Amino acid sequence: MLIKRFFWVGFFTISLIACGFHLRGNIPLPKKISPMYIATKSPYDPLVQLIEDTLTASHIELTDSPKKANTILNIMNIQYSENLVSVAASTNTRQYALSETLQMELTTPKGTPVIPVSALTASNPLTVNSNEVLNTSAQKQTLEQEMRQAIVQQLMMRLGSPRTEQALNPK
């Protein structure tokens, strides 16, 4: 019985490894992407801070000068919006669509595009009840953080894609 259990555990483990399964957040990045310079007009934006923290946690060296970098992450625009979607008949309940968009490009120091200009977007619905203002504020902050994390995850997937690897290692 014990042998069968080990067999099945081993079989499923090998199957997962063979299919290319990776845990989310554990995306291998090309070695030539580091050191990286982040060019942005808003270095203190929470999204930029999260990008820097995630890159650092992924062992990407960030530099303070584009001259020292192998790649430059140009953050062109960060746009946040709240759009009213619906209002209940009593006007006590409103539903909003929150969204955040990051417009970015990854280039070499010479300006050659590695990842062309791209927009990464995340959105979440928010229901506001006028009787629960404090709870709504905390919920909104949580949703905003989730959107930022989704955008960073999209960015990491782009940075770790085979196309990025090919662009950094031309033949």
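Asp64 is exposed, at a relative accessible area of 64%; exposed means over 50%, buried under 20%, and partly exposed in between, with a 1.4 Å probe and protein chains only. Lys68 is also exposed, at 55%. These two form a salt bridge, with the closest N and O atoms 3.7 Å apart. The term stands for a side-chain nitrogen of Lys or Arg within 4 Å of a carboxyl oxygen of Asp or Glu.

A word on the source. This is a predicted model, where local features need pLDDT of at least 70 and side-chain atom pairs count only at pLDDT 80 or more, while totals for chains, interfaces and linings use all residues. Residues are numbered from 1 along each chain as its sequence is written, and side-chain values use heavy atoms, leaving out hydrogens and water.

By this rule there are three salt bridges. Another joins Lys140 and Glu82, at 2.4 Å between the closest N and O atoms. That pair links distant parts of the chain, 58 residues apart: Lys140 sits in helix H3 and Glu82 in strand E2. Helices (H or I, at least four residues) and strands (E, at least two) are DSSP runs, numbered from the N terminus. Lys140 is partly exposed at 25%, and so is Glu82 at 37%.

Then Glu144 and Arg148, at 3.9 Å, N to O. Both are in H3, four residues apart, about one turn of the helix. Glu144 is buried at 15%, and Arg148 is buried at 13%.

Last, Leu159. Its contacts (heavy atoms within 4.5 Å) include Leu29, Met36, Leu55 and Ile115, leaving aside residues up to four places away in sequence.
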